[in-house]
Amino acid sequence: MRRRLRLLALFMACAPLVLPRLAPAQSASTTITGRVTDAVAGVGIANVQVTVVGTNVGAVTGDDGRYAIRAAPSGNLTLRAVRIGYAEAKQSVVVAAGAVTTADFALRVAPVNLSPVVTTAAGVTTRREEVGHTDYSFDAAKMVATSPVANMTDLLTARAPSVQVLNSTTTGGGARVRIRGTSSLSLNNEPIYIIDGVRMTSNVSSIDANIFTGGTAPSRTGDLNPDEIESIEVVPGPSASTLYGTDAANGVIVITTKRGRAGRTQFNTHLERGLIHDYHDYPTAYSIARNGTTPRATRLCTLPQVSAGTCTADSLFSFNLFKDKSTTPLGTGDRSLYGLQLQGGTDAVRFFTSGDYEQETGIQKIPDFDIARARSTGVALRDAWQHPSQLQKISLRGNLDAALTPRADLAVNTGFIRSTLLIPQSDNNAAGLFSNALGGPGYSDGVNGGIPLHGFRAFTPLEMFQAETYQYINRFIGNATAHYRPFTWLSGTAVLGADVTNRNDTQLCRRNTCANSGTRRLGFKSDNRAWFYTYTANGSATASFQPTQSLGSKATVGVQYVNSIINGNETFASQLPVGSTSVGSGAVQSAGEFTSISRTLGAFVEDALSWQDRIYLTAAIRTDQNSAFGTNFQHVIYPKVNGAWVISRERFFPQISAISSLRLRGAVGASGQQPRPTDALRYFTAGTFSVDQSDQPAVLLSTLGNANLRPERATESEAGLELSMFQDRISYEGTYYNKLSRDALIAEVIPGSLGTGATTRFSNLGAIKNLGFEHVLRAVVLDRDYLRWDFTGTYNTLANRIVSLGPVPFPPGGIIQQRVGYPLNSYWGQKILGYKDANGDGILTVDEVTVDPATTFLGSSQPTRESVINNSFEVLDHMLRLNTLVDMKGGYIVRNGTERIRCQNRVNCTGVANPHASLREQARAVALINNPARTSAGYNEKVHFTRLRELSLTFLPRKTWTQRYLHSDNSSLTLGIRNVHVWTNYTGIDPESNYGQDDVQNDFQTLPPPTYFTLRLNLGF
């Protein structure tokens, strides 16, 4: 054993020298071949992993189900075959040295489809039953082919417990992803993304700070093409993500792209066309007028003024421009997707290559009245103005796997993305679409600067959409992964990869165009260019030992280096000449540049033990150094321990026919999150200092820095069980987790006497706890020739609480506050205690509404419970498949910011100006406008909703039909609908309206989620 450990360490140090010398010596090797077939149908099964138990040797079957394990050991061996959708199978074989041995498998279909393997941080494939932590995985390729999936966000939404996804509702907008809640006050709460073993740039709100659209911004995860992805694994938290190191405290999303399989070359093409529409009800604008016959000559009244007699109402105006065909700024969008994939190869060389073109046009448009006005004045309408929300994307991928020798493999993965995104003016924007469409006065004949408004508040869509905001992306993600097995018990893996993104953000208002606000109509151009580099270098070695027949051990040591660099420049010019669109032609110009660098060097060691193939124990430790740590803090250590026990395999376990298997598991682990790259640094600026009443050049301290700055550290414990019943027709998985994030970064106030320009600095002061339960139930409810019904249901809870904010009191204030003992980013305010229409006139006044004089806790900004129900029905001998996905959330607060501003600033909401408004609507408007507290707590609504997220119908014709009429080996046709309908108590437009990627949902003058209709054809040749 000691000799093998020494060899393991020597191999890690000397692999580059050893590999070329050892490879030729292994030409004569033992080989195990065979075929894996379906036990009932007898056809070959592709993508089955066949391994020699207790070693690092194995192979994957090709399209015909055949496999070949080269450089196999000799002697009495046990082979194991696993594949998702099939029950695991084992068999014993006797292998003679230098001979070829045949071992065939016949796998039985598993009624409940679960992935039997997981991929660890070291790149090692491990059976799921051997790990003690939660790991959720799903077949992305199958979902894309049979569900209305348009982007990466759709792949993650409502797929795994405790993974909460809130997407931007504008074409190309980014998403907010939270796994097991929010844990940091100051840092990013997003998970990290690993694609084919390489750390991926996944910035949210990825647009230059000088570009203003109101809030909508893309995310770099949205660049990925779902059609290239084979599978996704969600690693929820520190108990599972320890070996991913610093930055993995919020979980990890592991993406595996498609690969070639041995066999004849296959051509697969997909074509998709779709429509996008909005079926929401938008609020009507109201105005109560006094002393005037035309709206422009009137003064607006409010309901309390009418009731009190201080404003006599002559007339009531109401107008909903969304219901008028000539004024609505919303139409029907469209999307299209065309793709071709090729895969195939031999046992020695396998390839996968693909190309996709995607186009999507959002639902925003210039209304008919604006088009008529432009034509009457001779204004040429540009396509970017008429369709201000557009996305065009080209995705190319090439993956190659080569067996260089019987003991050495090389995989090369390359992906290229090129996209153009046009972003409209909307959201929190005075010149944005919904600020003006929802803020109108309640009548259609208003005028601003001689321009008819047709119900809009200050500007019409033609003026808003003349501001052209583009983002251009060129992105390359690639890596090379080498596997080397000098001995059957020892293997090594090396990964070198890079994610390189060039981002160009531009914004243009030509002279005499755009909304007439400030100096915008003088013209301006902003051109900002940035490069994002993320380099990954991983190396690991794994040794598998079998000291006794009952005891197995798999030890791994590894190192990892990640280098992230961002640099760019910003240019801006205003007062453009007529016809000019360049920065260089502007009368007033400015420029700037920026650079950010973050480096992490980590090392880890892990040992996984197994006893009689039923008890498993894994212990590991990782240490990291990071460039963002303070100079007095050199490295951080993250340990983990997890174990699993398949108790149903014990002799003492009662033989109950209904129970197929029962596994208990538990895990404890730690991970972290680095400070921002410059939080620990001390900065100086040039300035002057008075000496003898004379200003002298000087270097001034601008930020104090913090030499003791450490990463935020999260420790998580987890316990669970997995139960399979009735011959695996029903499975249940339950998990409890408890996560404590310590050393939370908080901007502490520093005294002015320190002589810095900054008033705060980051220190490790706080602690935040997240805990909850996760439940997953899968069942084959019915399995007959005429009908198969598969059911998956999940339910999870979240309890979030601030444990500590450090010794200095955290300043309360605002509607969102941080208080010890309460959830992070919780809502606070002065509640409405009651209301009563005392005089019976149907209108509430200030004395009829009671407001709490104290500020109290209103609720959490994060959903505290979520449930997902997925049903799949197959009829007509499995040729017709119906899928439904229902998503339910509740127990949290959504701030109805849109209605709040309509009541408070626009004075056009139903609670202020509609005599038929409910008392509830009136009460919160009175509390906001008339009560001395001016409380907006009435617009912080406790929300629950149920959304029919997906509905799809897939036709899978018989292979004989497709071969005869289409000359295709396989085909499918799917009609899908996304965001079908929502049932909710929320009084806003939609409970998932959101424009930002911050930690708190932002429903403020924002487009709600539209409905997608897609028709997709898949053909394979």
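Q: What is the handedness of the disulfide of Cys509 and Cys514, left-handed or right-handed?
A: In this predicted model, the torsion about the S-S bond of Cys509 and Cys514 is about -105°, so that disulfide is left-handed. The S to S distance between Cys509 and Cys514 is 2.0 Å.

Q: And are those two cysteines, Cys509 and Cys514, buried or exposed?
A: Cys509 has 0% relative accessibility, so it counts as buried. Cys514 is also at 0% relative accessibility, so it counts as buried. The cut-off for buried is under 20%.

Q: How many disulfides does the structure hold?
A: There are 3 disulfides. Counting the bonded cysteines along the chain, they follow the pattern 1-2, 3-4, 5-6.

Q: What can you tell me about the disulfide of Cys301 and Cys311?
A: The sulfur atoms of Cys301 and Cys311 are 1.7 Å apart. The torsion about their S-S bond is about -55°, so this disulfide is left-handed. Cys301 sits in strand S20 (residues 299-301), while Cys311 is in the loop between helix H5 (303-308) and strand S21 (315-319), so the pair ties together parts that are 10 residues apart in sequence. Both Cys301 and Cys311 are buried.

Q: Which cysteine does Cys903 pair with?
A: Cys903 is joined to Cys909 by a disulfide, with an S to S distance of 2.0 Å. The link of Cys903 and Cys909 is right-handed, with 110° about the S-S bond. Both of these cysteines, Cys903 and Cys909, are buried.

Q: Which residues of H10 are buried?
A: Cys903 is one of them, along with Gly897, Thr898, Glu899, Arg900, Ile901 and Arg902. Helix H10 spans residues 897-906 and is mostly covered, with 7 of its 10 residues buried.

Q: New topic: which residues touch the most other members in the largest nonpolar core?
A: That core has 30 residues, and those touching the most other members are Tyr282, Phe322, Leu330, Ile366, Leu381, Phe434 and Phe456. Helices H6 (368-376), H7 (383-386), H8 (433-437) and H9 (461-464) each supply at least two residues of this core. As general background, nonpolar side chains tend to be buried together in soluble globular proteins.

Q: Let's zoom in on Phe322. What does it touch?
A: Leaving out residues up to four places away in sequence, Phe322 touches Tyr282, Thr328, Pro329, Leu330, Phe434, Ala437 and Leu438.

Q: How many residues are in the second, separate core?
A: The second, separate core has 26 residues, including Val177, Ile229, Ile253 and Ile255.

Q: Last topic, sheets. What is the order of strands in the open sheet of 3 strands?
A: The order is S43-S44-S47, and the pairing is antiparallel. Strand S43 (816-817) and strand S47 (856-859) stand at the edges with a single partner strand each, so one side of each is left without a neighbour in the sheet.

Q: How many bridges join S43 to S44?
A: S43 and strand S44 (residues 826-829) run antiparallel and are joined by 2 bridges. Gln817 stands opposite Ser826 in S44.

Conventions:
Residues are numbered from 1 along each chain as its sequence is written. This is a predicted model: local features need pLDDT of at least 70, side-chain atom pairs count only at pLDDT 80 or more; totals for chains, interfaces and linings use all residues. Side-chain values use heavy atoms; hydrogens and water are left out. Buried means under 20% relative accessible area, exposed over 50%, partly exposed in between (1.4 Å probe, protein chains only). Helices (H or I, at least four residues) and strands (E, at least two) are DSSP runs, numbered from the N terminus. A nonpolar core is a set of buried Ala, Val, Leu, Ile, Met, Phe, Trp, Tyr and Cys residues joined through side-chain atoms within 4.5 Å. Contact means heavy atoms within 4.5 Å. A disulfide is a pair of cysteine sulfur atoms within 2.5 Å. Two strands pair if DSSP finds at least two bridges between them.
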